[in-house]
Amino acid sequence: MSDDFYDVLGVSRDASEDEIKSAYRKKAAEYHPDVSDEPNAEEKFKKVKKAKEVLTDEEARRAYDQLGHDRFEQAEKRGGFDGGAGAGAGGGPFGGAGGESPFGDIFDQFFGGGNGRRSGARPGRDLQTRLRIDLEDAYHGIEQQMTVNRPERCGDCDGAGHPPDAQSQPCSACNGRGQRTTVQQTPLGRVQQTQTCRECEGTGTVYSASCSTCGGDGQVVNETTLTVDIPAGISDGQTLRLEREGAPSESGGPNGDLLVEISIESHQEFERSDDDLVHRFALSFPQVVFGDEVEVPTMDGAATFEVPSGTQSGERFRLQGKGMPRLQRRGRGDLYVYVQVVTPESMNDDQREALKAFAEAGGEEIDVNEGFFEKLKHSL
Ligand SMILES: [Zn+2]
Ligand SMILES: [Zn+2]
């Protein structure tokens with residue numbers, strides 16, 4: 001992508017701050033290194049973040065617009081520009097330009113958002129995270145504790161972004177209207193454009209001081225431990241929605257939701273196929289010839305299983321109702337046991353004699369002394 005900050009975010013040069021923030025959230029969700037398969041996702045994520053930091057800082061944006069991309073970057077490298085961008089302070093709740101990621105090992109993600117125009121109280125953004133559990137947990141259901149880093153309402157200013165005793169005054173840039181109208185003379189005539197005021201973010205009011213904890217955003221990123229109620233029978237890749245556990249609203253509306261994608265670790269004994277389970281079970285040659293009573297593992301402890309005489313290697317048996325619970329329905333899936341006959345790799349003399357006798361009784365001529373099993377192995 002082009003390095004131009006407006007191109008990086010895919011916004012027009014006269015985009016409002018809200019539009020820039022909204023575009024940033026979408027791009028950040030797309031390129032976040034924890035989730036993106038894109039090549040150079042981390043690089044792109046950094047560019048997007050940098051672009052957002054510069055363009056949402058009024059002073060920096062003005063300088064950027066005046067200087068153009070290349071000269072702005074040069075000026076910044078020389079330290080000649082002292083805007084909020086790159087300085088670390090004053091970044092949004094997700095900023096912290098220094099490269100220290102506010103995302104925890106469990107990433108939080110900005111979804112949808114659509115934080116375009118202010119019109120009354122809109123809910124906060126939905127956040128997304130991922131939670132790994134064992135197959136046992138999916139089988140029994142579990143109340144799982146989970147730690148997430150998420151934006152929360154700043155407690156020091158109660159989300160207002162300024163101290164309670166800060167002086168309020170009408171925004172001088174828009175005369176308190178929250179919107180600015182520009183008129184441009186073009187070859188086609190006068191074009192009038194109305195935009196959300198950047199200075200006051202459309203509120204029409206500015207304050208003499210901003211909250212030092214949240215830098216005026218009204219939100220801070222906090223580490224929070226939540227309890228997730230994971231229902232029995234949940235599948236890998238399913239998403240649980242924790243209502244009102246997402247980001248706080250920026251306009252006094254309800255919180256967004258937290259979407260928890262469940263990832264189930266693979267299991268040593270069982271493979272899962274929807275509500276059914278598959279287990280591979282090794283049997284000896286005499287066991288399948290004569291039949292046997294064996295114990296096979298299930299998710300609820302061992303179960304007795306009758307191997308019929310004359311069982312073939314690769315044969316499949318169904319243990320009804322020994323699979324996974326059906327999510328939000330009655331009953332359980334089945335457990336399929338695949339039988340595999342194991343060829344012994346070493347035998348004692350008695351076994352060797354007995355097997356030789358077995359082969360001869362069936363009319364087979366095998367030179368056992370030269371290594372029947374070695375030969376068998378090589379012929380496979
Ligand atoms: Zn204003
Ligand atoms: Zn605050």
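1. In this predicted model, Arg-318 stands opposite Tyr-336 of strand 16. The two strands concerned, strand 15 and strand 16 (residues 335-341), run antiparallel and are joined by four bridges, where strands are DSSP runs of E of at least two residues, helices are runs of H or I of at least four, and both are numbered from the N terminus. Two strands are taken as paired if DSSP finds at least two bridges between them.

2. On conventions, residues are numbered from 1 along each chain as its sequence is written, and chains are lettered from A and ligands numbered from 1 in the order in which they are written. Since the model is predicted, local features need pLDDT of at least 70 and side-chain atom pairs count only at pLDDT 80 or more, whereas totals for chains, interfaces and linings use all residues.

3. As a reminder, strands of a sheet pair through backbone hydrogen bonds, either parallel or antiparallel.

4. Elsewhere, strand 5 (residues 179-186) and strand 6 (residues 189-196) run antiparallel and are joined by eight bridges, and a hairpin of two residues connects strand 5 to strand 6. Gln-184 has Val-191, in strand 6, as its bridge partner.

5. The axes of helix 4 (residues 58-67) and helix 5 (residues 69-77) come within 6 Å and cross at roughly 125°, the axes being lines fitted to C-alpha atoms over the stretch in contact, with angles from 0 to 180 degrees between N-to-C directions. Helix 4 is therefore oblique to helix 5, given that angles under 35 degrees count as roughly parallel, over 145 as roughly antiparallel, 65 to 115 as roughly perpendicular and the rest as oblique. The contact is made by Ala-63, Tyr-64 and Leu-67 of helix 4 together with Arg-71, Phe-72 and Ala-75 of helix 5, contact meaning that C-beta atoms, placed from the backbone, lie within 7 Å.

6. For the chain overall, there are nine helices and 16 strands. Buried residues (20 or more other C-beta atoms within 10 Å of their own, with C-beta atoms placed from the backbone) make up 29% of the 380 residues. Among contacts between residues at least 6 apart in sequence, 62% join residues at least 24 apart.

Methods. A residue is buried if 20 or more other C-beta atoms lie within 10 Å of its own, exposed if 12 or fewer, and partly exposed in between; C-beta atoms are placed from the backbone. Two residues are in contact if their C-beta atoms, placed from the backbone, lie within 7 Å.
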